[in-house]
Amino acid sequence: RPLSLERSQGSEILFGVAPCWLALARARRALFRLFLKEQAAGSSRPVLAELALQAAARGVPVLRVPARELGALSRGRPNQGVCLEAAPLAFRSLPDSEEPRPGGGQGRQLLWLALEHIQDPMNLGAVLRSAYFLGVDRVVASRSNSCPLTPTVSKASAGAMEVFDVYGTDDLQGFLKAKSAEGWEVVGTVSRPEDVEDVPVISCSEFQWDKPIIVVIGSEGEGLSPQTQQQCQLMLTIPPGRELHPGIDSLNVSVATGILLHSICSQKRRHGD
């Protein structure tokens, strides 16, 4: 009998082992049903059995369904034999009362990542995965013209989205201006230094991390808006390793973010923090 795809109002379908596993483990969102691929007699996948146990412990119903029905739930995207019906995750609000002051870091080097108009869910997921892995303290994204926190983002982040808070702001420039006034260094990023006016541009390898910083990443096609560039005290660039052919003069935004964050975060390790 075909599986009823009717879902709870407003729910969405997570797909893939890591997003479903971490969504169940953290339970930061309402969880409705876990769908597992039917297995042939005598076959077993321990990870699916563990997911079923985890769902049962959370009181989440577990349904065994044919691969075709599972594929319909994930809309043909690779699901690794598991889907999870859950409430969406939204950007967390960023009221002033929640923002730690630099002095509250007890001497730690604080690093926040600000995202302006990242629209591709695969890029956003990859950025979140790198930010979580490399030790970024907080991610803040512009709400307008940006990708929401979708199941595709969770899958591309290898589930990091399920454990790492992402904050949203309706006024990115105002947020950056306020943090700069508090003593944070606001550092922008650019692929072509000649595109920047009135803001110093240096190689990421030359940057010295000596105060709380916010690294600002721009959109895939346009980079940082001129208004956001004007809130930056410095712009970082990644120098190419060869003379580039026209048309291949920049990096994917998620790759560039990983390189920039690693270059900065390696200083934390050298300083022994």
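Analyst: Contact means heavy atoms within 4.5 Å. Helices (H or I, at least four residues) and strands (E, at least two) are DSSP runs, numbered from the N terminus. This is a predicted model: local features need pLDDT of at least 70 and side-chain atom pairs pLDDT 80 or more, while totals for chains, interfaces and linings use all residues. Residues are numbered from 1 along each chain as its sequence is written, and side-chain values use heavy atoms, without hydrogens or water.

User: How many helices and strands has the chain?

Analyst: The chain has eight helices and eleven strands. Of its 273 residues, 48% are buried, meaning under 20% relative accessible area, with exposed over 50% and partly exposed in between (1.4 Å probe, protein chains only). Among contacts between residues at least 6 apart in sequence, 86% join residues at least 24 apart.

User: Turning to α2, which of its residues are buried?

Analyst: They are L48, L51, A52, Q54 and A55. Viewed down the axis of α2, the buried residues fall within an arc of 165°, so they line one face of the helix; the arc is taken over directions from the helix axis to the C-beta atoms. P46, L53, A56 and A57 are exposed on the other side of α2.

User: What covers the buried residues of α2?

Analyst: The cover includes α1 (17–26), β2 (31–37), β3 (62–65) and β4.

User: What span does α2 reach?

Analyst: Helix α2 (residues 46–58) has 13 residues and reaches 19 Å from first C-alpha to last, close to the 18 Å expected, where the expected span is 1.5 Å times one less than the number of residues. Just after α2, G59 takes a positive phi of about 75°.

User: You mentioned β4. Is E85 buried or exposed?

Analyst: E85 counts as buried, because its relative accessibility is 1%. E85 is found in strand β4 (residues 82–86).

User: Which residues have the most contacts inside the largest nonpolar core?

Analyst: They are L111, L113, L115 and V139, in a core of 34 residues. The elements giving two or more residues to this core are β5 (111–115), α4 (121–134), β6 (138–142), β10 (213–217), β11 (234–237) and α8 (253–270). Apart from this core lies another, of 19 residues, among them Y167, W184, V196 and V216. Such a core is a set of buried Ala, Val, Leu, Ile, Met, Phe, Trp, Tyr and Cys residues joined through side-chain atoms within 4.5 Å.

User: And what does L115 touch?

Analyst: Leaving aside residues up to four places away in sequence, L115 touches L124, V127, V139, V140, A141, S142, L172 and I217. In α4, L124 and V127 are among the buried residues.

User: What is found at the start of α4?

Analyst: There, a side-chain oxygen of D120 reaches to within 2.7 Å of the backbone nitrogen of M122. Just after α4, G135 takes a positive phi of about 100°.

User: Finally, how many disulfides are there?

Analyst: The count is zero, a disulfide being a pair of cysteine sulfur atoms within 2.5 Å. For C83, the nearest cysteine sulfur, that of C20, is 6.3 Å away. C83 is buried, with a relative accessible area of 0%.

Technical notes:
Polar contact = N/O pair within 3.5 Å; in protein donor to acceptor, adjacent residues only side chain to side chain.
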